[in-house]
Amino acid sequence: MAGFFYILHARRHEGSILDLALLKDDTFRLSVIAGSITRITQGAQPFLLPLMMQVGFGFSAARSGTITVATAIGSLAMKSFAPRLLRRFGFRRALIWNGVIATAGYAICGLFRPSWPVWTMFCVLALSGFFMSFQFTAYNTIAYDGVDKRHMSSATAFYSTFQQLMLSLGICVAAIALHLAMLASGNETPSLGDFSAAFWVVTSISLTATLWNLRFAPEAGGEISGHVQSEPDGETKREPA
C-alpha cells in the first residue's frame with residue numbers, strides 16, 4: 001500500500017526521491033525488474049539454508065556456518081572473471097544462461113540431506129555463489145548503460161532501494177513458502193521436505209527473470225563490456241569504446 005501511494009505521490013511532484021521516469025529507459029527498467037526477481041532467491045538463501053541445516057539436519061551453528069560460508073567464497077572468486085566473461089559473451093547472453101545456472105544451483109540446495117558429504121554441499125554452494133554473484137555484477141553494471149550523468153544519482157538511489165527491498169522480500173517469500181509447506185504436510189516443525197519445497201518455490205520465482213533477460217537488446221552494454229558482436233554474414237563488429 002505504501003508503494004502504491006508513493007507512485008501517486010511521485011507522479012504529482014517533481015524531484016521525488018525515487019524518480020519513476022527512469023523506468024522509461026529500457027535497459028534500466030529491465031535490469032531493475034529482472035534483478036529484483038532474482039534477488040528473491042538471494043534473500044531467501046541465507047534464511048533457509050542455515051535454518052535447514054540446524055533444524056532439519058541437527059547441525060550445530062558452527063558446522064552450519066562452515067558450510068554456508070562457501071557462498072561468500074564463491075562470490076569473491078568470481079570478481080576477477082566478470083570482465084572477461086562479459087567481454088566474451090556480452091550482457092544479454094550472459095544474463096540469460098548464467099541466470100538459469102545460478103538459480104538451478106540454489107534449487108539443488110533443496111536436495112541437500114544430512115547424508116550428503118560436507119565437501120559436496122560446500123562445492124555446490126561455492127559454485128552457486130560464483131554464478132549468482134556474476135549475475136548481480138552484470139545487472140548492477142548494465143543498469144546504468146543508458147543513464148546520463150545528470151540522472152546518475154537518482155538512478156543509483158532508485159536501484160539501491162529496490163536491491164534492499166527485494167532481499168527483504170526474499171525472506172518473506174521463503175518464510176511463507178516454508179509455512180505453507182508445513183501446513184500442507186501437517187508438521188508442527190519443518191521437515192526436510194518442507195525446506196525442499198520452500199527452496200523450489202523461491203527459485204521458481206527467480207527463474208522467471210529469464211523472460212525479462214530475453215528482452216535485453218543484443219547490443220546492450222556493448223560499450224561497457226567491449227563485447228564483439230557477430231554480424232549475419234559471419235563478420236564481427238566491436239561496439240565503440
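Colleague: Which residue with a positive phi follows α2?

Modeller: Please keep in mind throughout that this is a predicted model. The residue that comes after α2 has a positive phi, near 80°, and that residue is G58.

Colleague: What distance separates the end C-alpha atoms of helix α2, and what span should its residues cover?

Modeller: Helix α2 runs over residues 26–56, which makes 31 residues.

Colleague: Where in α2 does a kink lie, shortly before a proline?

Modeller: The proline concerned is P46, and the kink, of about 35°, comes shortly before it in α2. The residue at which the kink lies is Q45.

Colleague: Is T41 buried or exposed, and which backbone oxygen lies 3.0 Å from a polar atom of its side chain?

Modeller: T41, which is found in helix α2, has a relative accessible area of 2%, and because buried means under 20%, T41 counts as buried. Leaving out residues up to four places away in sequence, T41 touches Y106, M132, V202, T203 and S206. One of these contacts also involves a polar atom of the T41 side chain, which lies 3.0 Å from the backbone oxygen of V202.

Colleague: Which residues is I40 in contact with, leaving aside neighbours within four places in sequence?

Modeller: I40 also has its place in helix α2, and at 6% relative accessibility it counts as buried. Its C-alpha atom is separated by 14 Å from that of L178, a residue 138 places away along the chain. With neighbours within four places set aside, the contacts of I40 are M166, G170, V173, V202, I205 and S206.

Colleague: Which residues does I171 touch, not counting those up to four places away in sequence?

Modeller: I171 has its place in helix α8 and is partly exposed, with a relative accessible area of 38%. The C-alpha atoms of I171 and Q42 are separated by 9.0 Å, although the two residues are 129 apart along the chain. Under that exclusion, I171 touches G43, A44 and F47.

Colleague: Which members of the largest nonpolar core touch the most other members, and which residues is F28 in contact with?

Modeller: The largest nonpolar core has 57 residues, and F28, L48, L49, M53 and F112 are the ones that touch the most other members. The elements giving two or more residues to this core are α2, α4, α5, α6, α7, α8 and α9. Leaving aside its neighbours within four places in sequence, F28 is in contact with L22, L23, A143, Y144, V147, A155, F158 and Y159.

Colleague: Which backbone oxygen does the side chain of T68 reach?

Modeller: T68 is in helix α3, which covers residues 61–68. Not counting residues up to four places away in sequence, T68 touches L49, M53 and L125. Its side chain reaches a backbone oxygen at 3.5 Å, that of G65.

Colleague: Which residues of α9 are buried, and what covers them?

Modeller: α9 has 16 residues and reaches 22 Å from its first C-alpha to its last, close to the 22 Å expected at 1.5 Å a residue. Its buried residues are D194, F195, S196, A198, F199, V202, T203 and S206. What covers these buried residues includes α2, α6, α8 and α10.

Colleague: Where does F216 lie, and which residues is it in contact with?

Modeller: F216 lies in the loop between α10 and α11 and is buried, with a relative accessible area of 2%. F216 and S31 are 185 residues apart in sequence, yet their C-alpha atoms are 8.8 Å apart in space. Leaving aside neighbours within four places in sequence, F216 is in contact with T27, L30, S31, R92, L95 and I142.

Colleague: Why is C123 in no disulfide, and how many disulfides are there?

Modeller: The nearest cysteine sulfur to that of C123 belongs to C109 and is 13 Å away, and because a disulfide requires sulfur atoms within 2.5 Å, C123 is in none. C123 itself is partly exposed, with a relative accessible area of 37%. By this rule the count of disulfides comes to zero.

Notes
Residues numbered from 1 in each chain as written. Predicted model: local features only at pLDDT ≥ 70, side-chain atom pairs only at ≥ 80, totals over all residues. Heavy atoms only, no water. Helix = DSSP H or I, 4+ residues; strand = E, 2+ residues; numbered from the N terminus. Expected span 1.5 Å × (residues − 1). Bend = angle between axes of the 7 residues up to and from the residue. Polar contact = N/O pair within 3.5 Å; in protein donor to acceptor, adjacent residues only side chain to side chain. Contact = heavy atoms within 4.5 Å. Core = buried A, V, L, I, M, F, W, Y, C linked by side-chain atoms within 4.5 Å. Buried < 20%, exposed > 50% of the residue type's maximum accessible area, 1.4 Å probe, protein only.
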